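Biologist: Please show me the model. I would like to learn how to read its features one by one.
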Amino acid sequence: MRIGVCLTLLVLPTGCVSHTEPTELFQLTAETPKHRAMQTRFFETPNEKELLSAAAAVLQDLGFQVEESVREVGFLRATKERSAREYGQYIQQALLLILSLGKLLTPVDLHQKIAAGLITRPLNQEATRQEVRIVFYRVVWKGDGQTNNQYIPPGQQYMEMIWDPEIYQQFFAKLSKAVFLEAHTI
Amino acid sequence: MTDKRYVWAGILLAGSLLLYGCSTPETPKDLLAPTDTQLKIRSMQTRAFELTDRNTAMRGVIASLQDLGFIIERANEPLGLVTAARFAEPNYYDVVSVTVTVRQDTKDKLAVRVNAIYNSKPIDDPKVYQNFFASLERSLFLTKK
């Protein structure tokens, strides 16, 4: 009985995912300025091209493959694929398996693709100041699992934006070293 | 005797196939003709801005898409094309993708057109496009300064 209650409590939060209306997705939120500040730095340089190529080099240093680049609008897109296995998830999977008496085998994260989208853009008319904005996100593929007698096939996919400020700080620290310029926060 | 039977069977089969072929409905003549809804959708997806520099306008479009949390997937400067997508957080199974085109409308005006798709279904809610253009206006105004 208690195990059943525990299980339903564990399952409930995942079941109640609300749908976001498209209108809400085209509106700026209270979080927007915070995210922009975290993802953006500006550099006192007139050379946008050099900044863009330095950014590509930094992404390469971080193990990314550049997939798309458009110099005219200062755009770069790069990805890297890595394993997404975590010990914590395996422990949770084992605990749930024991709790559910061998009926519930939750899929764990197996593989991930980390992607970065980067945009440079002149901030003033004379183009002596350039802004760099980068967005990191990841796509994760899960392994297989089982609930009761139903098999969950592998390959289930989910995506998440990366909001860890440290990752952005690290990137900009590397970039400012690469162009010998100070990265100013907005 | 058997040979003749085969011939008749062949004729019958061919005949039935022919009849079947005749029963396909005729293609309507107005299949590709523009409809009122199409025009309405186009007008709500398009807005003209008093700008002459297309590159600046494109950068403004990209900046406002980034502000809205979109991930830029592709850009083509000569064609004035930007493609972006985002997940309907907190639900990662719904995807919104947009294609924006920026092109010269008149001598001193640029037309920006945005097509938005929600889970492979076109969005025809005018509110969505109004919201997008409101954020684009802000971003273009910031770039102009």
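Modeller: Start with one residue pair: A:Gln146 stands opposite A:Tyr151 in β8(A). Strands here are DSSP runs of E with at least two residues, helices are runs of H or I with at least four, and both are numbered from the N terminus. This is a predicted model; local features need pLDDT of at least 70, side-chain atom pairs count only at pLDDT 80 or more, and totals for chains, interfaces and linings use all residues. Residues are numbered from 1 along each chain as its sequence is written, while chains are lettered from A and ligands numbered from 1 in the order in which they are written.

Biologist: In which sense do β7 and β8(A) pair, and over how many bridges?

Modeller: The general idea: strands of a sheet pair through backbone hydrogen bonds, either parallel or antiparallel. Pairing needs at least two DSSP bridges between the strands. Strand β7 (residues 145-147) of chain A pairs with β8(A) in the antiparallel sense, over three bridges.

Biologist: What is the strand order of the open sheet in chain A?

Modeller: The order is β4-β7-β8, three strands with antiparallel pairing.

Biologist: Now helix packing. At what angle do the axes of α4 and α6 of chain A cross?

Modeller: Two packed helices are described by the angle between their axes and the distance between the axes. Axes are lines fitted to C-alpha atoms, for helices over the stretch in contact, and angles run from 0 to 180 degrees between N-to-C directions. The axes of α4 (residues 48-61) and α6 (residues 165-178) of chain A come within 9 Å and cross at roughly 125°. That makes α4(A) oblique to α6(A). Oblique covers what is left after roughly parallel (under 35 degrees), roughly antiparallel (over 145) and roughly perpendicular (65 to 115).

Biologist: Which residues make the contact?

Modeller: Contact means C-beta atoms, placed from the backbone, within 7 Å. From α4(A) come A:Ala54, A:Ala55, A:Ala57, A:Val58 and A:Asp61; from α6(A) come A:Phe171, A:Lys174, A:Leu175 and A:Ala178.

Biologist: And between chains: how many residues of chain A are in contact with chain B?

Modeller: 26 residues of chain A touch 30 residues of chain B. Elements of chain A that each supply at least two residues to that side include α3 (32-39) and β5 (109-122).

Biologist: How many helices and strands does chain B have?

Modeller: Chain B has four helices and six strands. From the N terminus, they run α-α-β-α-β-β-β-β-β-α.

Note on methods: Two residues are in contact if their C-beta atoms, placed from the backbone, lie within 7 Å.
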